[in-house]
Amino acid sequence: MGIYSPEKIILLVEEPEDSRQCEEWVLQKDIPYFLDDEANDEYLILYASLPHVFIHAVFIPALEFDKETVQDLLNWSCNPFSSWGITVSSDDAWIGSPLDVSGSRTMESGEKLPLAGLR
């Protein structure tokens, strides 16, 4: 995204006034395209502070959105700054994913957007 032209992100976060447009906006179908454009842009958003915006991308496997899955996703509690780490118990040690303690089984099966691979 151009550092002096935040129009793309503003379009994503401004709630439309028209109810039909609002129903489409809530689905957030433009987000994957926005993230794809971001990954290939000269500049990458690391932090955006606009009214009502928070972008923390996590890839999760394709799934069916039933009531149980939606409820599970509503329980997420991820820290966008968490990272891989070593977890140790009294009889074992393992490498823990940043999403291991996300509060959501669905999110735990996902993968954070690999910022290191983006330019």
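What follows is a set of questions and answers on this chain.

Reply: Since this is a predicted model, local features need pLDDT of at least 70 and side-chain atom pairs count only at pLDDT 80 or more, while totals for chains, interfaces and linings use all residues. Residues are numbered from 1 along each chain as its sequence is written, and side-chain values use heavy atoms, with hydrogens and water left out.

Me: Where in the chain is confidence highest?
Reply: The predictor's confidence in each residue is given as pLDDT, from 0 to 100, and the chain averages 77, with 79% of the residues scoring at least 70. Over residues 115-119 pLDDT stays under 50. Among the elements, confidence is lowest in helix α1 (residues 7-13), at a mean of 75, and it is highest, at 92, in β3.

Me: Which residues of α4 are buried, and on which side or sides of the helix do they lie?
Reply: A residue is called buried under 20% relative accessible area, exposed over 50% and partly exposed in between (1.4 Å probe, protein chains only). By these cut-offs, T69, D72 and L73 are the buried residues in α4. They cover an arc of only 95 degrees around the axis (taken from the directions from the helix axis to the C-beta atoms), which means that they lie on the same side of α4.

Me: Which helix do the buried residues of α4 pack against?
Reply: On the other side of α4, K67 and L74 are exposed. The buried residues of α4, by contrast, pack against α5 (105-108).

Me: Is D72 buried or exposed, and which side chain does it join through a polar contact?
Reply: D72, found in helix α4, counts as buried because its relative accessibility is 7%. Contact means heavy atoms within 4.5 Å, and, not counting residues up to four places away in sequence, D72 touches G103, S104, R105 and T106. A polar contact is a pair of N or O atoms within 3.5 Å; within protein, one must be able to donate a hydrogen and the other to accept it, and residues adjacent in sequence count only if both atoms are side-chain atoms. Such a contact, at 2.6 Å, joins the side chain of D72 to that of T106.

Me: What is the relative accessible area of S102?
Reply: S102 lies in the loop between β3 (93-96) and α5, and beyond its neighbours within four places in sequence it is in contact with N75, W76, S77, C78, M107 and E108. S102 counts as buried because its relative accessible area is 1%.

Me: How far apart in space are P61 and S109, C-alpha to C-alpha?
Reply: P61 sits in the loop between β1 (58-59) and α4 (67-74), and it counts as partly exposed because its relative accessibility is 43%. Leaving aside neighbours within four places in sequence, P61 is in contact with S109 and G110. Although P61 and S109 are 48 residues apart in sequence, their C-alpha atoms are separated in space by 7.3 Å.

Definitions and conventions:
Helices (H or I, at least four residues) and strands (E, at least two) are DSSP runs, numbered from the N terminus.
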